[in-house]
Amino acid sequence: MTESERLDATFVALADPTRRAILTRLLEGEASVMELAEPFAMSQPAVSKHIKMLERAGLVSRSRDAQKRPVRIEGMALKEATDWLDHYRQVWEANFSRLDSLLDELKNKRSKEGN
């Protein structure tokens, strides 16, 4: 999967409130699909589909532990998305800083003209 495809998958996965809630729950530690399905008014297969989408995006992983297949959160995909967003945050902060400087300059010029 390319970097662009990974970002697309991450943002698509994060766009759904159920999937975000699953990730929030997984911050507490790994859980089974049954445990993850408990708070939702949906079937276990529906929750499994959400987990598969999170898994495709690299946001969660599943392992085998005897009969159980615990789901755990993975941080790399979130880090990649955060790094991508951070680049744009830096650009906008620089733009706002220049705008603040220009406004200060105009304000000072106006106050000098008023004296």
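Let me start with a question: is E28 buried or exposed? E28 is exposed, since its relative accessible area is 67%, where exposed stands for over 50%, buried for under 20%, and partly exposed for what lies in between, with a 1.4 Å probe and protein chains only.

Before I go on, a word on what we are looking at: this is a predicted model, in which local features need pLDDT of at least 70 and side-chain atom pairs count only at pLDDT 80 or more, while totals for chains, interfaces and linings use all residues. Residues are numbered from 1 along each chain as its sequence is written, and side-chain values use heavy atoms, with hydrogens and water left out.

As for confidence, pLDDT is the predictor's own score for each residue, from 0 to 100, and the protein chain averages 92, with 99% of the residues at 70 or above, that is, scoring at least 70. Confidence is highest in α2, at a mean of 97, and lowest in α5, at 90.

Back to E28, whose partner in a salt bridge is R25, with 4.0 Å between the closest N and O atoms; by salt bridge I mean a side-chain nitrogen of Lys or Arg within 4 Å of a carboxyl oxygen of Asp or Glu. R25 itself is partly exposed, at a relative accessible area of 26%. The whole structure holds seven salt bridges.

Two others bring us to helix α5. D83 and K79 meet there through their side chains, at 2.7 Å from N to O, and these two residues of α5 sit four residues apart, about one turn of the helix. D83 is partly exposed at 41% relative accessible area, and K79 is partly exposed too, at 44%. E93 likewise forms a salt bridge with R89, its closest N and O atoms lying 2.7 Å apart, and this pair also lies in α5 with a spacing of four residues, about one turn. Salt bridges with shared partners link D86, R89 and E93 into one network.

What counts as a nonpolar core here is a set of buried Ala, Val, Leu, Ile, Met, Phe, Trp, Tyr and Cys residues joined through side-chain atoms within 4.5 Å. The largest has 17 residues, of which I22, L36, V47 and I51 touch the most other members, and the elements giving two or more residues to this core are α2 (17–26), α3 (33–37) and α4 (44–56). If we set aside neighbours within four places in sequence, I51 is in contact, meaning heavy atoms within 4.5 Å, with I22, V33, L36, V60, R62 and V71.

On the surface, there is a nonpolar patch formed by W84, L85, Y88, W92, F96, L99, L102, L103 and L106, with about 900 Å² of accessible area together. L85, for one, belongs to helix α5, residues 76–114, and is partly exposed at 43% relative accessible area.

Finally, two loop residues. Where is S63? S63 is found in the loop between β1 (60–62) and β2 (71–73), and is partly exposed at 22% relative accessibility. Apart from neighbours within four places in sequence, S63 is in contact with K68, R69, P70 and R72. D16, in the loop between α1 (3–14) and α2, is buried, with a relative accessible area of 19%, and the C-alpha atoms of D16 and H50 are 8.9 Å apart although 34 residues separate them along the chain.

Terms used. Patches are made of residues with over 30% relative accessible area and no salt bridge: like charges are joined within 9 Å, nonpolar side chains (Val, Leu, Ile, Met, Phe, Trp, Tyr) within 5 Å. Accessible areas come from the Shrake-Rupley method with a 1.4 Å probe; for residues, only the protein chains shown count as cover.
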